[in-house]
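Here are some short notes for a first look at this structure. Please keep the model open while you read.

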Amino acid sequence: MRTVFITLSLAFSLTIHAQSRQAYEKSALEEITADKFLAGGNAVDYDRLPRKALTPAPKGYEPFYLSHYGRHGARWLLSDRDYSAPVNTLKDAKKAGKLTEVGERALAKLEQIQKTSKGHLGDLTPVGEQQHHGIAKRMAANFPEIFKTPGLHIDARSTTSVRSILSMMAECEELAAANPSATIHNEANEANMSYMNAPKEGLQRMNEAKARPIQSEWGARMRDPRRLMKVLFNDQDWVYMNVMPTQLMGSIYDIATNQQSHDGDTELLDLFTPEELHRLWNGNNLYWYLNYANAPQTDNVMPWMHANLLRNIIETADTITQKKATLRFGHDTVVLPIVALMELGGMGCSIDNLEELDTYFRSYQVIPTACNIQLIFYRPKKGKTGGILVKALLNENEVTLPVETDMFPYYKWSNVREFYLEKLKKQPKNPFPNMPQQNQQNPYMIMMNYN
């Protein structure tokens with residue numbers, strides 16, 4: 001894998017050293033052509049992504065602690081309008097006799113999906129539940145020295161979102177099955193939200209003025225609904241007068257790519273060419289980068305919204321003396337910023353030329369449904385000497401940490417800990433200078449909807 005070194009911007013830069021950008025081996029278009037569901041971005045099924053074999057522990061070492069933050073699993077879309085908007089548009093066309101045969105079939109499929117969505121908006125799906133059973137089963141298999149320990153204590157905490165709580169319960173069920181003697185503490189309350197999912201709407205509003213024009217310009221270039229409109233409708237003059245083509249294209253795309261959260265039906269997905277899906281995904285990818293990653297276009301401040309989580313990870317690790325696991329469950333709007341803040345796998349990169357964005361940053365590789373970070377801590381076996389080591393897994397693949405090591409994927413915890421503590425000292429006291437004055441004392445005043 002090719003590595004390029006860049007220098008980050010000075011203002012509110014997330015790093016104090018050269019940060020590497022790690023380019024993907026294949027183009028995003030090639031990957032999406034091979035698997036259209038990858039165009040779903042943050043809706044991608046976790047189990048579609050490859051997992052590589054893990055590197056054995058260094059000689060004389062054993063794992064003793066696992067620290068984790070993971071997103072809930074696959075879910076239904078969040079709003080009734082997500083399902084009703086394309087149905088209503090196509091129903092109006094049907095009444096007017098303006099649908100093609102393909103349009104008729106698409107309407108029937110969309111109506112079926114809308115009907116089954118009633119009462120399930122935002123809910124975890126069976127696919128999402130199974131994702132977490134699989135993750136926990138592999139945790140126990142990969143690190144039996146931790147998870148087979150008699151009387152192991154597992155501290156599991158979730159945000160107050162029901163889909164996150166159910167994701168937590170799915171993993172805990174699997175870990176309890178692997179070790180019936182384990183003591184599992186489950187918690188989901190507002191008291192932990194300051195680090196589990198810090199309120200951030202004020203932050204988002206501050207950057208809207210900068211992010212939105214870029215997204216609008218990008219979207220105008222990337223979305224071309226003309227071919228799809230000809231596939232669905234038999235009268236393009238009627239479409240011109242009665243349909244908002246880019247919105248219809250986007251709403252069908254959202255439902256089509258989210259079918260991987262259910263039965264994986266591709267009927268709606270097949271309405272799109274790979275090139276169209278790649279362009280639609282590009283808009284998704286840009287949104288996530290500008291609003292949650294270390295983007296210079298939004299002043300490199302977005303990852304700082306979850307500095308409290310990094311502090312919690314370090315402070316909790318400092319208390320561990322016996323074998324233990326700390327599991328945290330929340331949202332993609334937390335996973336991506338903390339990945340950027342921790343610079344895992346080069347994801348703290350700052351990319352000025354957005355035309356290069358999908359060379360180095362792909363939403364579906366970082367924040368699929370059930371995405372997770374695992375930090376595994378190692379200590380010398382009984383009778384051996386040495387310092388604590390740590391390795392990082394992003395979606396169960398070993399990734400780099402932002403310090404030097406001569407034994408990748410293992411790093412000296414003392415070096416990693418020192419790097420992050422020094423970095424946290426550089427957190428901007430007021431990273432949101434464009435926010436209205438009345439909001440500056442508390443830039444996180446209003447909660448966003450969970451994702």
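1. Start with β4 and β6. These strands run parallel, and 6 bridges join them. One place to look is serine 158, whose bridge partner in β6 is phenylalanine 329. Keep in mind that the model is predicted.

2. β4 also pairs with β5. β4 covers residues 153–158 and β5 covers residues 183–188. Their pairing is parallel too, over 6 bridges. Histidine 153 has threonine 183 of β5 as its bridge partner.

3. Together, β4, α6 and β5 form a β-α-β unit, and the unit is right-handed.

4. Turn to helix α4, residues 126–142. The helix has 17 residues. From first C-alpha to last it reaches 24 Å, close to the 24 Å expected at 1.5 Å a residue.

5. Which residues of α4 are buried? They are Val127, Gly128, Gln131, His132, His133, Gly134, Ile135, Ala136, Met139 and Ala140. As background, residues three or four places apart in an α-helix point the same way, because there are 3.6 residues a turn.

6. What covers those buried residues of α4? The cover includes strands β3 (61–71), β6 (324–330) and β7 (372–380). It also includes helices α5 (144–147) and α6 (162–178).

7. A word on confidence. The chain averages a pLDDT of 90, and 89% of the residues score at least 70. Residues 1–19 have a pLDDT below 50, with 56 contacts in the model beyond near neighbours in sequence. Residues 432–451 are also below 50, with 54 such contacts.

Key: Residues numbered from 1 in each chain as written. Predicted model: local features only at pLDDT ≥ 70, side-chain atom pairs only at ≥ 80, totals over all residues. Heavy atoms only, no water. Helix = DSSP H or I, 4+ residues; strand = E, 2+ residues; numbered from the N terminus. Expected span 1.5 Å × (residues − 1). Buried < 20%, exposed > 50% of the residue type's maximum accessible area, 1.4 Å probe, protein only. Contact = heavy atoms within 4.5 Å. Pairing = 2+ DSSP bridges. Right-handed = clockwise from strand over helix to strand, strands pointing away. pLDDT = per-residue confidence, 0-100.
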